Amino acid sequence: MTKTQHTEGRDRSLVAAFVSLADTLVDDFDVVEFLQGLTERTVELGLAAETGILLTDADGELRVMAASQERTRLLELFQLQSREGPCLDAFRQGHPIPVDDLAEHEARWPVFAPQALAVGFRSVLAVPMSLRGTRLGALNLFNVDVGAVTPEDQVVARGLADIATVGLLQQRMVRETQVAAEQLQHALHSRITIEQAKGVLAERRDIEVGEAFELLRSHARSTNTRITDLAGTVIAGRDLPLD
Amino acid sequence: MASSRSRRLLGVLTRQPEGDLASRVCSAAAEVLTCPGVGLSLGSADALLPVAATVDGREGERLQADLGEGPCYDAWRSGAIVAGPDLAAASPWPILGPALLRTGKRAVFAFPIAWGGVQLGALTAYRSTPGRLSDTQEADGLALAGLAGGLLVDLQDEPSEDDPPNLAADPGEGSWIVHQASGMTAVQLDLPLADAMARLRAHAYVVDQPLETIAAEIVARRLRLDET
């Protein structure tokens, strides 16, 4: 196969990979499935023998979110536990970390490098997943050969990491919007429940609705219950526990 | 990136006289839809609460809330525009239609207010003349209802753990008293809350009084439905 033919084949798979990633950015978006798909695309494109992805969780802690194979998942976990490795460096520094030969970097990553070599990896490319200052995580491409990652591969890997980042940020925004809208609806619902409970309690105890509310509130405070939950209990047919 | 329609409608919104957001949305809708009566209601579970209305829209919003039917409910539940372009010729709402006609309204249009995939309520426009809205007006109404959803969600307070939650747009004491009365009636008649609310609505309809008035009588213990 000539270089040109090889490149054309690569271009076609690359387009297919981008399209398949974009396709997952529609309804029923599942983050884990999306990232798992991304790791598989990188392997299919010949960018890596195995690929892993670290992503920050809601608390900003990095977690292993996807791995093309189990040994990669373990390696990623080792990086997190030992707090060292190219993936963490790429995440912290915000630029790709290409490592042609891990054997030359045992001093740089005394825990990670020997472990990666022991399971048969020789070179790594870690690409940060970030957009305009928002750091989401990093994509890690593991290879068994020295110097396996070409500059062209780096460009492709960055492209994939970027599209994945945009997808994840968009998904996060959609989710946040939905949560905010649900909060508004929940607030309305809570308020209705409380008003109904005031009526129920006022009638049961033959008191005014204002007093019923004070009773609800003080009972919620003394039992460390949320007033909405307590109101729900009252309207479900149970009275306040006698105090 | 706001579209030119959104920008234009935001312009109309900000030009409205002082008032809370929901009221401004109503008066802005009245302007772009050329319907003097507009009301905004927010919904939760099976209850829809009138939050704001132009002077000319108050009676229609009250009627829909009292009767528990109307385009506002339909738009809220379906997420689609609901139109009754000539209530004298055909009304999909057997009780509300004639009631609106008696108050001088001939056509009614409701636009769903949704945000983040959550159906939040509806914006309803009332007019004394029959006829459909233009395509532009329909698109404007939808866009305005969409803007209202986003702004109401954005402007709400952080959810609190304690006490009744603060609402971005408070329907006011009158709406809440209806729910207090349904709680009292549920105990008096030993009925589920939804049935108690239906009994309240039926009573208000039969005696031809606003639901809020009946509710206030019940909460003040001047009226019990088991004695009527």
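Is D57(A) buried, partly exposed or exposed? In this predicted model, D57(A) is partly exposed, with a relative accessible area of 23% (buried means under 20% relative accessible area, exposed over 50%, partly exposed in between, with a 1.4 Å probe and protein chains only). Its salt-bridge partner is R63(A), with the closest N and O atoms 2.8 Å apart. R63(A) is also partly exposed, at 44%. A salt bridge here is a side-chain nitrogen of Lys or Arg within 4 Å of a carboxyl oxygen of Asp or Glu. By this rule there are 22 salt bridges over all chains.

Residues are numbered from 1 along each chain as its sequence is written, and chains are lettered from A and ligands numbered from 1 in the order in which they are written. The model is predicted, and local features need pLDDT of at least 70, side-chain atom pairs count only at pLDDT 80 or more, and totals for chains, interfaces and linings use all residues; side-chain values use heavy atoms, with hydrogens and water left out.

Chain A and chain B meet in an interface. The contact (heavy atoms within 4.5 Å) takes 33 residues from chain A and 37 residues from chain B. The buried area is about 3100 Å², and carbon and sulfur atoms give 64% of that area. Buried area is the accessible area (1.4 Å probe) that two parts lose on being put together, summed over both. L184(A), R191(A) and E203(A) supply 23% of the area that chain A buries against chain B, more than any other three residues.

Four salt bridges are counted between chain A and chain B. One of the charged pairs is E203(A) with R224(B), whose closest N and O atoms are 3.2 Å apart. Another salt bridge pairs R221(B) with D206(A), at 3.9 Å between the closest N and O atoms. R221(B) lies in the segment after α9 (211-219) of chain B and D206(A) in the loop between α6 and α7 of chain A, so the pair joins two chains. R221(B) is partly exposed at 31% relative accessibility, whereas D206(A) is exposed at 60%.

Within chain B, R8(B) forms a salt bridge with D140(B), and their closest N and O atoms are 3.0 Å apart. The pair links distant parts of the chain, 132 residues apart: R8(B) sits in helix α1 (residues 4-15) and D140(B) in helix α6 (residues 135-155). Helices are DSSP runs (H or I, at least four residues), numbered from the N terminus. R8(B) is partly exposed at 38%. D140(B) is buried at 3%.
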